[in-house]
Amino acid sequence: MATSSLVSSELRQGRAGIAHRAAPYGWAAGAVLLAWVVMHALRPVPGFPLDDPYIVLHSAQVMHWGFDPNYPGVPALYGVTSAPFLALVYGLLFLLRPLTALDTACWMGVLAYALGLVKMARVLRLGAFEGTSLVVLGMISSFVPIHLLNGLETPWAMAGVAWALAFSSDAQRYARWAALAVGIAGAIRPDLAPFAAFLVIALTVERCRGRQWARRRIAMELGVLAALAIVPLIPGALWYHHATGAFYPLTGAAKRYYMATDHQRWDERLLTEVTLFGVFVITCGPMMAGAFRAMGSAVAKAILGSISLVLLIAFFGSPDSLAWNLFRYQVVFTPMVVWGMGFSLRRDAGWRAGRKMLIASLVYSAVCVLPFSLCLYLRDSRRFDGGVHELAAWCQQTLPAGTRVLVQDAGYIAYGTKLRVIDYVGLKTPEAMTLNKTYSWPTAGRERAKTVAALSLREHADYLIVLGQGADPSTKLPGQMRMLGWGADAVKSEGVYRVYLLRPPK
């Protein structure tokens, strides 16, 4: 009888222990669910601040249809940065309406990211206040609030980084899980490949620390971790190669040749890069100082190395890419900085000073950064959604069936209309990337109109759609086309987007 009571007591204690360990994850999931309810009460119809999400959504629909009515003959994977995210949206379309499917894919990423932050705090063995603060910091810092629901794979990429760093915080126990997680992050966002490589090396260093391993054993450990990181990359790479002929997405190359900023003078490129990375640093605020306190860790050095390599690649490629899509490519650095803040708390000998820095980071993010991010998200959502819906409605009502239009933003116009679309950036029209490489790229964009002219003649385009204002390169295209002898008459001269009737030179 006594033995039975003892077993029952141990079972109850075991269940209580499991419930205690699971509680933070339950609270985080509940918070995300509450946010979902509030957001859908405020905005029943999902909307997004960018055009790129509609490229993903249109591509997922094309996979269901088996053909592309807007870009005939172009594989669905063209124009998509993340093959796994496209596959997720494709799967959700079996159950949900298009916009709801895309929105749900984002909310799933938000949940994965929040749980990854909880795991990070748990493995770092932070106290209740510090752990909760770290999770909140990861959700509201820098440009994160803008990109949690941007319609793209960004929350999933941040989730991959958060889980990888969480497991890396105890490399002796979780090194292989960390390698697998960072491989998944690289599969979701190929620009995280440098981070994956550096982190695998750091994990090997951490695993070998304090152990008298022979070189052969160290090499074997590195090989195992590298293999675990590479495995998640293989399905997407094979899919890309089958669809596009390359083992990686061509979206970065297409934008590089179109924007053509890497043919500016080196001092102009350096100023652009320093300014844009400086903006990210400012949005992190005091948290950056906390992160630098963790530099004694091999993982922290891997983070610094990977960020440095990304900045170096951007300098020689497209420095302005650091600001594309509302700093979408830099925002994945945020969970890295958050991890540094958390790791410094664990190692901080002056606990009170570390806690003060954490509180300062929370206040700064909540008071200065979060309102700015939310205003920017709402402004761009209203501007883009309103402008693109108005454009699509105008095209459907005004342009005859079978019309061929040249566009820069290739997503919503394909999702929302039945027009034949030619993307002169090159995301969805492969020929445009080749033409931009020939004309736009070597001239720093001065002969971009030649790309549009060549596409117009080849595809028999009738209209040109450009952004109506701002510093976007497309705003200058109508005037540049006229200088080449083309007729470019405005048929829609108001709104976010303008439409011009094209007439080739006689």
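S381 touches F48, P49 and G386, when residues up to four places away in sequence are left out of the count. In this predicted model, S381 has its place in helix α18, which covers residues 351–398. Its relative accessibility is 8%, so S381 counts as buried, the cut-off being under 20%.

**The chain as a whole**

The secondary structure of the protein chain comes to 22 helices and five strands. The radius of gyration of the chain is 25 Å, close to the 23 Å that the globule rule gives for 506 residues, and the chain is therefore as compact as a globular protein of that length. Taken along the principal axes, the box that the C-alpha atoms fill is roughly 95 × 50 × 45 Å.

Of the 506 residues, 54% count as buried. The chain exposes about 22,500 Å², and carbon and sulfur atoms supply 65% of this area. Among the contacts with a separation of 6 or more, 75% are accounted for by residues 24 or more positions apart.

S142 lies in the loop between α5 (128–140) and α6 (144–147). What is the length of the polar contact that joins the side chains of S142 and T283? The contact between these two side chains is 2.8 Å. S142 counts as buried because its relative accessibility is 0%.

Y463 is found in strand β3, which runs over residues 463–467. Although Y463 and L399 are 64 residues apart in sequence, they are 9.3 Å apart in space, C-alpha to C-alpha. L399 is one of the residues that Y463 touches, and others include T403, R404, V405 and L406, as well as V491, V499, Y500, L501 and L502, with residues up to four places away in sequence not counted. Y463 is buried, with a relative accessible area of 15%.

| Residue | Relative accessibility | Class |
|---|---|---|
| S142 | 0% | buried |
| S381 | 8% | buried |
| Y463 | 15% | buried |

Note on methods
Residues are numbered from 1 along each chain as its sequence is written. This is a predicted model: local features need pLDDT of at least 70, side-chain atom pairs count only at pLDDT 80 or more; totals for chains, interfaces and linings use all residues. Side-chain values use heavy atoms; hydrogens and water are left out. Helices (H or I, at least four residues) and strands (E, at least two) are DSSP runs, numbered from the N terminus. Buried means under 20% relative accessible area, exposed over 50%, partly exposed in between (1.4 Å probe, protein chains only). A polar contact is a pair of N or O atoms within 3.5 Å; within protein, one must be able to donate a hydrogen and the other to accept it, and residues adjacent in sequence count only if both atoms are side-chain atoms. The radius of gyration is taken over C-alpha atoms; the globule rule is 2.2 Å times the number of residues to the power 0.38. Contact means heavy atoms within 4.5 Å. Accessible areas come from the Shrake-Rupley method with a 1.4 Å probe; for residues, only the protein chains shown count as cover.
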